[in-house]
Amino acid sequence: MNWITNYVRPRINSIFSRRDVPENLWTKCDECGTMLFHRELSENLNVCNNCGHHMPITPRERFNALFDGGIYTEVPVPEPIVDPLHFRDQKKYPHRIKAAQKATGEKDAMLVAEGEIGRTPIVATAQDFSFMGGSMGMYVGNAIIAAASRTVELKRPLVLFSAAGGARMQEGILSLMQMPRSTVAVEMVKEAGLPYIVVLTHPTTGGVTASYAMLGDIPIAEPNALICFAGPRVIEQTIREKLPEGFQRAEYLLDHGMLDRVTKRQDIKDELITVLRMLMKSPPAVKGDLPPPDPESEASEPSKAEPAESAKE
Ligand SMILES: [Zn+2]
């Protein structure tokens with residue numbers, strides 16, 4: 001044994017092994033155990049291509065797939081006071097927020113954006129379960145109000161993707177106050193006669209289910225999403241009975257009239273386009289890409305260009 005084997009070789013190995021094996025190349029499906037290649041999984045919107053299990057997806061990934069060409073503009077959200085209660089459990093609340101911001105690269109658990117889907121202008125907002133369990137605090141309330149105000153201002157439909165463990169306990173009563181606040185925001189959209197569609201994703205629970213997540217004109221859910229106020233574990237412990245198979249899951253709720261649709265993540269965009277265009281009384285969406293505009297004919301004879309296009313079909 002000498003310093004080369006004891007010191008130099010491990011150092012070299014550690015430097016190279018770090019480069020050779022990037023951490024996130026493969027993801028294991030929680031449901032069927034299949035190892036899924038990272039790139040294929042993200043192309044498939046984090047849905048297992050073996051068993052169809054829907055894994056969590058961040059708002060940004062979702063918006064990239066949802067909006068035409070992945071193009072959208074973020075709607076600014078007014079930032080609330082941080083930690084008004086000076087809350088502390090094992091960690092101080094500001095430390096928890098900072099750690100979540102570092103891990104996710106987001107300000108808080110909701111992202112608001114405006115853009116077009118299938119050339120239908122919308123405002124969309126999505127909750128981020130990876131940010132402190134998507135919990136609804138003052139920021140989330142502000143985000144929903146910002147989204148609703150923008151919706152009314154632009155006269156567009158509002159689409160909300162919910163995913164939350166409920167209210168944010170670190171903000172106490174202030175987080176519970178976001179239930180009536182967000183309900184008023186939804187009311188604003190409805191009074192303006194604009195559609196409000198909620199896509200419930202796994203899991204949508206607690207105060208979120210008890211407020212804005214259940215107020216959609218058409219509730220759509222992703223397959224097998226857990227949607228409830230109190231979770232199955234709590235209910236089982238309270239009533240001391242085994243709950244039926246699939247209780248509080250999307251398909252069960254669809255069967256019992258709590259939802260209108262259960263739709264696979266890959267089909268949600270098309271479904272939203274159809275539903276929103278119907279509700280907005282717009283003509284059906286144009287499928288596929290339109291032919292690129294012909295600059296010559298448009299400049300010289302704009303009236304003749306159109307009949308020629310339709311004659312071809
Ligand atoms: Zn799977």
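**Entry 1, a strand pair.** I began with strand β4 (residues 110-117) and strand β5 (residues 120-127), which pair in the antiparallel sense over eight bridges. Within this pairing I looked up Glu114, and found it opposite Val123 in β5. I note here that I am reading a predicted model, and that every value below is computed from it.

**Entry 2, the whole sheet.** As a reminder to myself, strands of a sheet pair through backbone hydrogen bonds, either parallel or antiparallel.

On one side, β6 and β7 pair in the parallel sense over six bridges, and I noted Ile197 in β7 as the bridge partner of Val159. The pairing of β7 with β8 is also parallel, over four bridges, and here Val198 has Pro219 in β8 as its bridge partner. I checked burial as well: eight of the nine residues of β7 are buried, so I recorded the strand as mostly covered. I also found a cis peptide bond joining His202 and Pro203, with omega at about -20°, and I placed Pro203 in strand β7.

In α3 I listed Pro59, Arg62, Phe63 and Leu66 as buried. They sit on the same side of α3, because they cover an arc of only 95° around the axis. What covers these buried residues of α3 includes β3, β4, β5, β6, β7 and α11.

Which residues are the protein donors of the zinc ion? I found Cys29, Cys32, Cys48 and Cys51, each through SG, lying 2.3 Å from the zinc ion. The angles among the four donor atoms are 108 to 111°, and the site is tetrahedral. In sequence the donor residues are spaced C-x2-C-x15-C-x2-C. Cys32, in the loop between β1 (26-28) and β2 (35-37), and Cys48, in the loop between α2 (38-43) and α3 (59-66), are 16 residues apart and link distant parts of the chain. Cys32 counts as partly exposed, because its relative accessibility is 33%, whereas Cys48, with a relative accessible area of 2%, is buried.

Leu45 is in the loop between α2 and α3, and counts as buried because its relative accessibility is 18%, the cut-off being under 20%. Lys155 is in the loop between α5 and β6, and is exposed, with a relative accessible area of 62%.

Of its 313 residues, 38% count as buried. Among contacts with a separation of 6 or more, 66% are between residues 24 or more positions apart.

Notes: Residues numbered from 1 in each chain as written. Predicted model: local features only at pLDDT ≥ 70, side-chain atom pairs only at ≥ 80, totals over all residues. Heavy atoms only, no water. Donors = N, O, S within 2.8 Å, 3.2 Å for Na, K, Ca; no water. Tetrahedral: all angles 85-135°; square planar, octahedral: opposite > 155°, others 65-115°. Buried < 20%, exposed > 50% of the residue type's maximum accessible area, 1.4 Å probe, protein only. Pairing = 2+ DSSP bridges. Arc of directions from axis to C-beta. Contact = heavy atoms within 4.5 Å.
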